[in-house]
Amino acid sequence: MNSNLVISIVLFLVAHLLSWYGSNLQFVSPWWKDRSVLLTCIIAIPTGLLWLYGTRYIMQWTPELWTSRFVAFSLSYLTFPLMTWYYLGESPFTLKTIICTVLAFTIVIIQLFVK
């Protein structure tokens with residue numbers, strides 16, 4: 001596996017984690033409920049930079065922007081279900097979620113291994 005691909009995947013995963021907190025911490029913490037705009041402002045620049053550099057690194061690996069889009073999208077199915085399960089108790093093990101997760105990872109596999 002190419003180091004640019006690995007770096008981009010790590011950057012995308014961290015960006016998804018920050019995005020999850022920015023959108024959903026208002027439902028987890030009473031303190032952040034009334035400060036969700038503040039949280040969004042705090043994490044907006046770091047998250048944007050993670051997306052920027054994640055895209056840059058994956059484009060150095062393959063010059064196809066669609067690959068970047070699909071990999072970043074599909075990685076959200078690694079972070080969102082786990083974070084939502086951990087913090088809100090919503091199970092990622094429903095039939096609908098399992099099928100969507102399998103489809104998301106299928107997209108990643110196609111983007112990584114089919115030329």
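**Figure 1. Overall fold.** Contacts (heavy atoms within 4.5 Å) with a separation of 6 or more come to 73% from residues 24 or more positions apart. The model is predicted: local features need pLDDT of at least 70, side-chain atom pairs count only at pLDDT 80 or more, and totals for chains, interfaces and linings use all residues. Residues are numbered from 1 along each chain as its sequence is written, and side-chain values use heavy atoms, without hydrogens and water. Helices (H or I, at least four residues) and strands (E, at least two) are DSSP runs, numbered from the N terminus. The C-alpha trace spans about 45 × 35 × 20 Å along its principal axes. Of the 115 residues, 35% count as buried. Buried means under 20% relative accessible area, exposed over 50%, and partly exposed in between (1.4 Å probe, protein chains only).

**Figure 2. A nonpolar surface patch.** Leu78, Leu82, Trp85, Phe93, Ile98, Val102 and Phe105 make a patch of about 650 Å². Patch residues have over 30% relative accessible area and no salt bridge; like charges are joined within 9 Å, nonpolar side chains (Val, Leu, Ile, Met, Phe, Trp, Tyr) within 5 Å. A salt bridge is a side-chain nitrogen of Lys or Arg within 4 Å of a carboxyl oxygen of Asp or Glu. Helix 4 (65–88) and helix 5 (95–113) each supply at least two residues of the patch. Phe93 sits in the loop between helix 4 and helix 5. Phe93 counts as exposed because its relative accessibility is 55%. Overall, the chain exposes about 7,400 Å², with carbon and sulfur atoms supplying 71% of it. Areas follow the Shrake-Rupley method with a 1.4 Å probe; for residues, only the protein chains shown count as cover.

**Figure 3. Phe70 in helix 4****.** Phe70 is partly exposed, at 29% relative accessibility. Beyond its neighbours within four places in sequence, Phe70 touches Ile107, Val108 and Gln111. Tyr87 lies 17 residues from Phe70 in sequence and 26 Å away in space, C-alpha to C-alpha.

**Figure 4. Ser74 in helix 4****.** Ser74 has a relative accessible area of 0%, so Ser74 is buried. The Ser74 side chain reaches the backbone oxygen of Phe70 at 2.8 Å. Leaving aside neighbours within four places in sequence, Ser74 is in contact with Ala104, Ile107 and Val108. Ile107 and Val108 are also among the contacts of Phe70.

Notes:
A polar contact is a pair of N or O atoms within 3.5 Å; within protein, one must be able to donate a hydrogen and the other to accept it, and residues adjacent in sequence count only if both atoms are side-chain atoms.
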